[in-house]
Every structure is written in C-alpha cells, then in structure tokens.
Amino acid sequence: MNALSRFFSRLEGPQTLGRGPGFWIGFLVVLAGACAYPLFSDGYTVGNTVYFFTWIFMALGLCLIWGYGGALSFGQTAFFGIAGYSYGILTINFGAAYGFTFVALLIAIGIAALFAALLGYFLFFGRISGVFLGIVTLSVTLVLERFMAQTAGPEWKIGAARLNGFNGMSNMPPLTVPWPGGDIVLFPDVQLYYVVLGLLVLVYLGLRILVNSPFGNVLVAIRENPERAEMLGYDIRKYQLGTFVIGAALAGLSGVLYTSWGQYITPSSMGMTAAALPIVWVAVGGRSDLTTTLVGTLTVLAVFQALTIHGSQYALVVMGIMLVLTVLLAPRGLIYALARLIARPFTKRQPGDA
Amino acid sequence: MPMLQTIGLNKRFGGLHVTNNVDLTLEAGEVHCLIGPNGAGKSTLFRLILGEHLPSSGAILFGGEDITGLKPFQRIRRGMSVKFQVPGIFKALSVRQNLEIAMQHHYPPAALGEEIDRLLAFLNLTADSTRLAGNLSHGQKQWLEIGMAVSLKPRLLLLDEPTAGMSPEETFATGEMVKRLNAEGMTVLAVEHDMAFVRQVAHKVTVLHLGRVFAQGSIDEIVANEDVAAIYLGQTTAHETAHEAAHA
C-alpha cells in the first residue's frame, strides 16, 4: 500500500462513523442533492441555506477540540469574532479588487489562529484542563465582547473601518472572485452557495482523514487517558495546542463567511448566548463524530430558525431543553444515537461492542 | 555503566520527607524489585524516576545521562516505559487501537499491522482484538498495558504492582512474561507486594522503609533478614526508633 492510497484510506477508520460502499453511495446521493438543490429553490432560500452552512465549520472545529480531544472550549466564538472583524477591517480598508477578499479571508483566519496559538500555549503548556479550560476560554470570549461593545466612539477606528460598538461593523464587501468579464460578487445567492458547499465538503473530508490518522489516534488517546498518552512518549501539550489552533481556524472561517454573507458583524456574535450555542449544536448532534456533528448542527439550526420565524420567543429555551434532554437521554448525542439505531441491522455486532 | 542510578534523591511534601536520600542502582539486564510496607515511599520513588514528580534534591541518571529535569515524555523517548498499578489503557477504544496508538511511531506504516498481530498473539489477546479495552477482564487489561509498555521497545521497563488483583495463575504467567522480556535484554524495575512473584523474577531486591533504603540483596538474603521481617510485622527496630526520635 503506497502512501497516497494510505492517505485516502483514512477517509474511513475507527474514529468516524460510516464506512463501506453503502455509506459513500449515501454520501454522494446527499452531495448530488445538495448540488441540485438551488435548481429547485429561489435565491433567497438558497442564501438562507448558506447562512446555515457558514456555522458548520465552527461546529466541526469544536467537534475536533471537544469531541475528539476532550477539551471543552467556549472560545470558538472568540475566534469567530476575531476573524470576522479582521475581515471587515481589511476589506473596508483595501477593497475587493484583484481577489483581495480571499487574501483577507486567509489573513483573517491566520489572525484567529495566531490568537488561538497564543491563548492555547498558556492553557495547554500551563496544564489547564477540564472545567478550568471552559472557564478561561469563556472569560476570554466575554472580555472580547465587552471590549468590542465599548468601541462605539469615533476614536475607535482602524483606517477607514469604524468598529462601531454594539451597532456593529458593516458595509464590508462580500467575497469577490476576480473574473475577466467583470468581478463576480458572492452575494448570499447560488454562487456563494456552491463556494461554501465546496469548502464544506473539503473540510469535512479533510477532517475525516485527520482524525483517522496517527494524529487523530493520539488525540482520542489524550481524551481517554492523558497520563497514559504522555507515558507512551507523546508530548500531549503539542497535540492539544495543534487541535485547538485547527479548531480556531475553522471558527475563523465561519466568522469570515458570516461577515461576508451579511456584510455585518457585531460584538454579540461573541456574547454569552453565541458562545453557548456551538456547544448545544455539537452536543445534540453527537460530539464524538464529525458526521453526526454536521447533521446535528444543521438540524438544530433549522429548528432554531423555524421557532424564531414563527414568533416563538422561546427558541433559546427550547435549545436549553434540547441540551438537557440530550445529556439525560443520549449523552453521546441524539443524532449519534439515531445513527447507531439505523446502522444496527446492517452491521454485525462485535463481541463487547458498546 | 548502570542503566539507572539515583543519587541522594530527596522528596519532601511540606513537612513530610517521603523520599529520604535514596541511592539506587540498576545494572543493565537485571530484574530489580522494590518492596516495602505501605507508606514506604515506593510509589513516590517510582514517580520521581518517571518524572511525574521532581525531586527536592538529588539526581537521576539514565544510561549515564542526567535526566533529573526532563519531562515524562522525554524520558519515555530515551528508552523508559511504564505499566501503572491501575491499568492505564484507553477503555473506549478497541484493543487493537490501544496497541496501534502505542506502536504507530515505532514501526513503518507498512509493517505496523503485522507487528500488532504479533504482539496480540504474545499477549493472548488475538481473539479479543476488536473488543473495547474497557470490557476486558482485569488480568487481560493488565497484560494489554504491559503490551503497550513493551511495544515501545524500552531499555528499562518500570512495573508498578504488575500483578495487583491477579489470580495466582495470572500472576505466574505475568512472571514468565517478565522473564521472557528480560531474556530479550530488557532491564526491569518492579514495585511488587506479591513475594511469590518477586521470588519468581527478581535478581535483586531493595526494601524501602520510611522513605529510605532499608536493605538490599538477593531474595534469599532479604527473606533471611530479621529486621525486614520486623518492619513488615509493623514493629520498628531499635535503630529505627532512635532514628525517628531524632527526626521528631
């Protein structure tokens, strides 16, 4: 088996649900459906679907940090906000010509990742774990929100970009593809849909390969028993930091896509509610698997929006109840439990399988 | 050159002097057992050697290199490996994956599967390879962890009560396993209560008492030592009483 085929064989493995031709045929059918979907829908609905998609990157990042690495982080929205604001500041100052929006996207993600590396260094090399990791990351997120909230005055600007406090930063250009016949501006419509869908497939498959690689092996080993993992010669701090940074970069990608999608970002995207929601999506879906996280996030977002649209002011309360029910009834996630139930008749049970 | 040497090793927790000026030497190729009554400081000494605790003073040499300030994973990479008292395995993962995690950086990817199969056979776990490690019997868990420790091909294997909770048959089988590993060139340091096991495997025995090296020698010499018998019966010798009085 050469290196390349070994690389692709990691698309399935012990760390991911779904294997064999059946799963991949299902995957292609869903993908084909997702590709065909704009043909049967209107621009507004497709744009709304993109909005759902933008959050999934952050959820997958949290799935990696928490579900696979065992470190509960409330910091995802901080990195989301940092990248979102960075994208806004860069593009408001330098415009959208010559494909600069995509350069800004990369720089913004880089800034979020750098911040995560700095914070993660102190967290993991300071051996902070468990509930304290959650407390510190939540505090950092809330401090950032508070800080951005007090930037309403005109003195708070970077170049041409006003930070604008709680009113939020707006009017940054959307992602723009340079094109010979005139730039293609990716407004929340069919074109942006395909770009984000492409990114989603890429990130999902890339993460599947990552978690089934030797790196992923060490990651779950740290979740299961950090002392043993270290006593096998692994510098677990480096693995935790690496995971934290990858997860933060994905949150950053979400932040940029969100900001570009609505041409708008506010401090409340880093607030208490915003910081708690990714935890709910990932927990309800099933944090220990990428696929259940993806499906769970989409489901919860759709339910949340349906509730909000139909005038219920209790959407957040319902979210809370969903989280509590998950913890009580299906601690590994509702979608995860459902997936196991569906898969049961088709798989031979291994002796001692959980 | 000794495989492992501790020189004037001290560890204090507040006012408690848990490791008191311990000089311990392990020659390459020997099986060395560390015994002593509860509270003698065996576990602390073990953790000092592993780097989980840092000594208050003194030095630890491994193959002649001073490793006193190194982190645990750095010591492991230099050729140490450990089996904990409570089986330190990855319970929610399969037996095979447990071994894969231990071995993945020690073998080329193409040969890894075969090496895991070989180790599974050595551990009598071939039939259980797809089971979750948490569902194994206690003895099997102990063996799985010994397997993970051994798979790193260490120069020095540290065993913390390897036979705790095992039946006499399992204890004997574990002893034979240790002897086989030693015959392949592995130096072994074991903390152990089970005297049958110590007799089965040990070339040399060190008795710890109140944090200090109390006696050292072959198993026969130790068994014949009346002072050792006395401390195990909970009596302190006249010498001990005087020592404690001096410290009080």
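Colleague: Into which domains is chain A divided?
Modeller: This is a predicted model, in which local features need pLDDT of at least 70 and side-chain atom pairs pLDDT 80 or more, while totals for chains, interfaces and linings use all residues. Residues are numbered from 1 along each chain as written, with chains lettered from A and ligands numbered from 1 in the order written. By an automatic or database domain assignment, chain A splits into domain 1 (43-269) and domain 2 (271-346).

Colleague: Nice! Which helix gives the largest share of the side of domain 1 of chain A that touches domain 2 of chain A?
Modeller: The C-alpha centres of these two domains of chain A are 20 Å apart, and 24 residues of domain 1 are in contact (C-beta atoms, placed from the backbone, within 7 Å) with 16 residues of domain 2. Helices (DSSP runs of H or I, at least four residues, numbered from the N terminus) that each supply at least two residues of the domain 1 side include H4 (76-94), H6 (131-149) and H7 (190-211) of chain A. The largest share, 10 residues, belongs to H3(A).

Colleague: And between the chains, which helices of chain B each supply at least two residues of the side that touches chain A?
Modeller: Happy to look there too: 26 residues of chain B are in contact with 23 residues of chain A. The helices of chain B that each supply at least two residues of that side are H2 (72-77), H3 (95-103) and H4 (109-122).

Colleague: What share of the contacts in chain A between residues at least 6 apart in sequence joins residues at least 24 apart?
Modeller: Along the principal axes, the C-alpha atoms of chain A fill a box of roughly 65 × 50 × 50 Å. Among contacts in chain A between residues at least 6 apart in sequence, the share joining residues at least 24 apart is 76%.

Notes: Contact = placed C-beta atoms within 7 Å.
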